[in-house]
Amino acid sequence: MNSYTKKKIISAVAPVLSGLGIHKLFAPGYAGLGQILTFHRVRPDQDEERIHNHLSLEISPQQLEATIHFYKKEGYAFLSLDEVFEALKKGNAKTKFVAFTFDDGYLDNYTVAYPILRAHNIPFTIYITTNFPDYRAILWWYILEKAVIEKDVIEFTFGPSGDYRFSCKNRTEKEATFDAIRSLINQSFQINDHKELLKNIFDKTEDQLYDYSKGLVLSWDDIRTLNADPLCTIGAHTVNHFPLSQLSEKQLQDEIEISRQLIEEQIATSVQHFAYPFGKVSEASWREFEMVKKLGFKTGVTTRIGNVFPAHQHQTACLPRISVNRVTTKDVLYLQSSGMLPFIVHRGKKVITH
Ligand SMILES: [Zn+2]
């Protein structure tokens with residue numbers, strides 16, 4: 001079962017659970033000080049076929065509005081990450097808080113999300129993978145989605161295994177082919193292999209692949225404009241968006257440090273917050289947390305689901321977050337913000353560090 005299917009199931013049962021009010025039993029012990037939300041893209045609804053996996057990496061503008069209204073109605077304070085850090089140092093907060101964070105550096109964060117956030121006066125953080133605004137990123141997951149939707153078959157040659165042929169004639173095959181090629185790509189993250197594979201799959205030159213991706217990402221000018229607004233914090237998200245656990249110590253340090261330097265040079269502001277690419281246990285753990293601490297960041301955020309508790313003041317390099325996506329309804333927000341869902345996932349453990 002892929003993660004989007006799991007999310008859909010949660011979304012389907014959420015109205016029943018929240019209707020029964022079970023989540024309210026968890027809130028006193030498990031809501032904690034508040035939550036940090038993870039967003040990726042904010043993309044208007046379009047009448048086109050999509051691959052399901054992508055829907056867990058985006059929301060519509062209406063959902064962003066609805067999420068803001070939910071937290072306003074529930075009486076949350078909207079904090080920047082600097083303010084979250086301060087609240088953690090104190091170990092308490094007058095009111096529950098929520099912090100909005102956006103990963104990677106998508107153009108629609110500026111064109112679609114920013115006007116909404118500004119209208120509601122919501123502080124937010126965007127974590128930049130510096131290859132995005134440097135136009136050296138290949139957003140292969142969107143190129144792959146398009147290819148799988150448009151084609152009946154995808155064929156290519158690569159590596160010792162030789163010839164690959166994936167059928168994508170119908171919905172089921174398209175979803176399966178997307179997942180299969182995605183895991184092949186994810187296993188080939190070493191730079192040269194990775195690019196060779198992408199060129200072969202899509203039958204395009206490296207420059208063509210960069211050009212396609214250009215239209216989806218923030219430029220440095222956009223980032224400077226955002227950074228000029230006190231509502232916005234710019235954080236680092238490495239240079240290449242590799243799974244950090246697979247890198248050598250030196251590569252790990254470079255990925256983090258160089259991305260911070262590049263951003264600081266571009267925006268002339270110190271960068272003090274970091275998000276681990278992917279951020280699951282298998283991709284970021286103790287070694288990565290220690291590095292982020294050593295490099296002096298105030299906070300590091302993972303994608304482990306969880307609320308923030310006073311005990312996190314000793315673990316500011318591995319703060320959990322809660323993902324908001326296409327199936328995050330109001331009922332799901334109740335289950336997440338009360339701490340009920342994180343309770344179930346982590347079997348009651350509040351601070352997840354491993
Ligand atoms: Zn990311």
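Predicted model: local features only at pLDDT ≥ 70, side-chain atom pairs only at ≥ 80, totals over all residues.
**Helices H6 and H7**

Helix H6 spans residues 140-150 and helix H7 spans residues 171-186. They pack at an angle of about 150 degrees. Angles over 145 degrees count as roughly antiparallel, and H6 and H7 are therefore roughly antiparallel to each other. The crossing of H6 and H7 is right-handed.

From H6, the contact takes in Trp140, Trp141, Leu144, Glu145, Val148 and Ile149. From H7 come Arg171, Lys174, Thr177, Phe178, Ile181, Arg182, Ile185 and Asn186. By class, this contact has 8 nonpolar, 2 polar and 4 charged residues.

How many residues of H6 are buried? The count is 9 of 11, and H6 is mostly covered. The buried residues of H6 are Trp140, Trp141, Tyr142, Ile143, Leu144, Glu145, Ala147, Val148 and Ile149.

**Helices H3 and H13**

The other pair joins helix H3, residues 61-73, to helix H13, residues 330-337. The packing angle here is about 50 degrees. H3 and H13 are therefore oblique to each other. Their crossing is right-handed.

H3 contributes Thr67, Phe70, Tyr71 and Lys73 to the contact. H13 contributes Lys330, Leu333, Tyr334 and Ser337. Sorted by class, the contact of H3 with H13 has 4 nonpolar, 2 polar and 2 charged residues.

The table sets out the geometry of both pairs.

| Helix pair | Packing angle | Axis distance |
|---|---|---|
| H6 (residues 140-150) and H7 (residues 171-186) | about 150 degrees | 10 Å |
| H3 (residues 61-73) and H13 (residues 330-337) | about 50 degrees | 11 Å |

**Aromatic contacts**

A search of the whole structure finds 20 aromatic pairs. One of them is Phe70 with Tyr71. Their ring centres are 5.1 Å apart, with 80 degrees between the planes, and the pair is edge-to-face. Phe70 and Tyr71 are both buried. Both also belong to the H3 side of the contact with H13.

Tyr71 has a further partner, Tyr76. The ring centres of Tyr71 and Tyr76 lie 4.8 Å apart and their planes stand at 90 degrees, so this pair is edge-to-face. Tyr76 is buried, as is Tyr71.

Which residues form one aromatic cluster? Phe39, Phe78, Phe100, Phe102, Tyr110, Tyr114 and Phe124 do.

Gln336 sits in helix H13. Is Gln336 buried or exposed? Its relative accessible area is 7%. Buried means under 20%, so Gln336 is buried. Leaving out residues up to four places away in sequence, Gln336 touches Asn307, Ile322, Ser323, Thr328, Leu341 and Pro342.

Phe158 lies in strand E7, residues 153-158. At 16% relative accessibility, Phe158 also counts as buried. Neighbours within four places in sequence aside, Phe158 is in contact with Tyr164, Asp193, Glu196, Leu197 and Asn200. Phe158 and Lys24 are 53 Å apart in space, C-alpha to C-alpha. In sequence, Phe158 and Lys24 are 134 residues apart.

How values were computed: Residues numbered from 1 in each chain as written. Heavy atoms only, no water. Axes fitted to C-alpha atoms, helices over the stretch in contact; angles between N-to-C directions. Helix = DSSP H or I, 4+ residues; strand = E, 2+ residues; numbered from the N terminus. Parallel < 35°, antiparallel > 145°, perpendicular 65-115°, else oblique. Left-handed = near helix turned anticlockwise from the far one by under 90°. Contact = heavy atoms within 4.5 Å. Nonpolar A, V, L, I, M, F, W, Y, C, P; charged D, E, K, R; others polar. Phe/Tyr/Trp six-rings, centres within 6.5 Å; stacked < 30°, edge-to-face > 60°. Buried < 20%, exposed > 50% of the residue type's maximum accessible area, 1.4 Å probe, protein only.
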